[in-house]
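Please look at the structure below and follow the paragraphs with it in view.

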Amino acid sequence: MRLGLLQCDHTLDSVRHIAGDYDEMFARWLPAEWKIYDLQQGEQPRDLNECDAYFSTGSKASVYDDEPWIHGFANLMRRLQAAGKPFVGVCFGHQMMGHALGGRVAKSPNGWGIGAHTFRVRSVKPWMQPAAGEFRLLMSCQDQVLELPPGAEVLAGNAHCPVGMFQLGNMLGIQGHPEFPPAYAEALLHLRRERIGAEPVDRAIATLTEPLDAQLLAEWARQFLI
């Protein structure tokens, strides 16, 4: 299976030594044949059949920002849906599903989502194998999907992020970051200490030693694409 990665940002030079760029993180999280599209540079698949399925990375941008490449991504999202092409959106990609397909994305009233968070499964699907009632992932976001697109279903969430994972037909959105290693998440928190605040950053860093379920989500993503 050939997977297309819609890359929506790049790691900063100062922290790239930790885990590489986002395409490298995805390749480690979900080993496969990947084709990379740098959306910020205007790269998009000319033919959606160039890949069997598509994934999207996170981004420091917001899906409602007035940028040409973001508008282009929204149009691509609608093309993917219309074509029935499998898609898995992570963080920014999850939010773009909500934004482009008729839902609403905005800054969360609960503030920054940082550190490791546990999401409880609210709707079990056949592709969720091995089965689990909850999963734990790293988060790094301000925006959230606050209103679902028509026809979408929440699959997992928690009090801080009620729409932690949702499905709309052939498309799956995951708000957390299964591709992030804890060391990279910690580096981001240190960079954003002044912006977020020392106390919440310290609390978030304290959660980074707890076990994560990134590989569970990798297997779920594989099963979703079959």
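The axes of helix H3 (residues 68-83) and helix H4 (residues 92-100) come within 9 Å and cross at roughly 70°. H3 is therefore roughly perpendicular to H4. Axes here are lines fitted to C-alpha atoms, for helices over the stretch in contact, and angles run from 0 to 180 degrees between N-to-C directions. Angles under 35 degrees count as roughly parallel, over 145 as roughly antiparallel, 65 to 115 as roughly perpendicular and the rest as oblique. Helices are DSSP runs of H or I with at least four residues, strands are runs of E with at least two, and both are numbered from the N terminus. Where H3 and H4 meet, the residues of H3 are Trp 69, Ile 70, Phe 73, Ala 74, Met 77 and Arg 78, and those of H4 are Phe 92, Gly 93, Met 96, Met 97 and Ala 100. Contact means heavy atoms within 4.5 Å.

The model is predicted: local features need pLDDT of at least 70, side-chain atom pairs count only at pLDDT 80 or more, and totals for chains, interfaces and linings use all residues. Residues are numbered from 1 along each chain as its sequence is written, and side-chain values use heavy atoms, with hydrogens and water left out.

Glu 186, Leu 189 and His 190 of H5 meet Val 201, Ala 204 and Ile 205 of H7. His 190 has 42% relative accessibility and counts as partly exposed. Buried means under 20% relative accessible area, exposed over 50%, and partly exposed in between (1.4 Å probe, protein chains only). In H5 (residues 182-191), the buried residues are Tyr 184, Ala 185, Ala 187, Leu 188 and Leu 189. Their cover includes H1, H2, strands E6 and E7, H6 and H7.

In helix H2 (residues 22-29), Tyr 22, Met 25, Phe 26 and Trp 29 are buried. Seen down the axis of H2, these buried residues fall within an arc of 95°, so they line one face of the helix. The arc is that of the directions from the helix axis to the C-beta atoms. An α-helix has 3.6 residues a turn, so residues three or four places apart point the same way.

Trp 29 also belongs to the largest nonpolar core, which has 33 residues; Trp 29, Phe 55, Phe 135, Met 165, Leu 217 and Trp 220 touch the most other members. Helix H8 (residues 214-225) gives the most to this core, with eight residues. Apart from it lies another core, of 29 residues, including Leu 39, Phe 87, Val 145 and Ala 152. A nonpolar core is a set of buried Ala, Val, Leu, Ile, Met, Phe, Trp, Tyr and Cys residues joined through side-chain atoms within 4.5 Å.

Which side chain joins that of Asp 143 in a polar contact of 2.8 Å? The partner is Tyr 64. A polar contact is a pair of N or O atoms within 3.5 Å; within protein, one must be able to donate a hydrogen and the other to accept it, and residues adjacent in sequence count only if both atoms are side-chain atoms. Asp 143 is found in strand E8 (residues 143-147) and is buried, with a relative accessible area of 5%.

Thr 57 lies in the loop between strand E3 and helix H3. At 1% relative accessibility, Thr 57 is buried. A polar atom of its side chain lies 2.9 Å from the backbone nitrogen of Cys 8.
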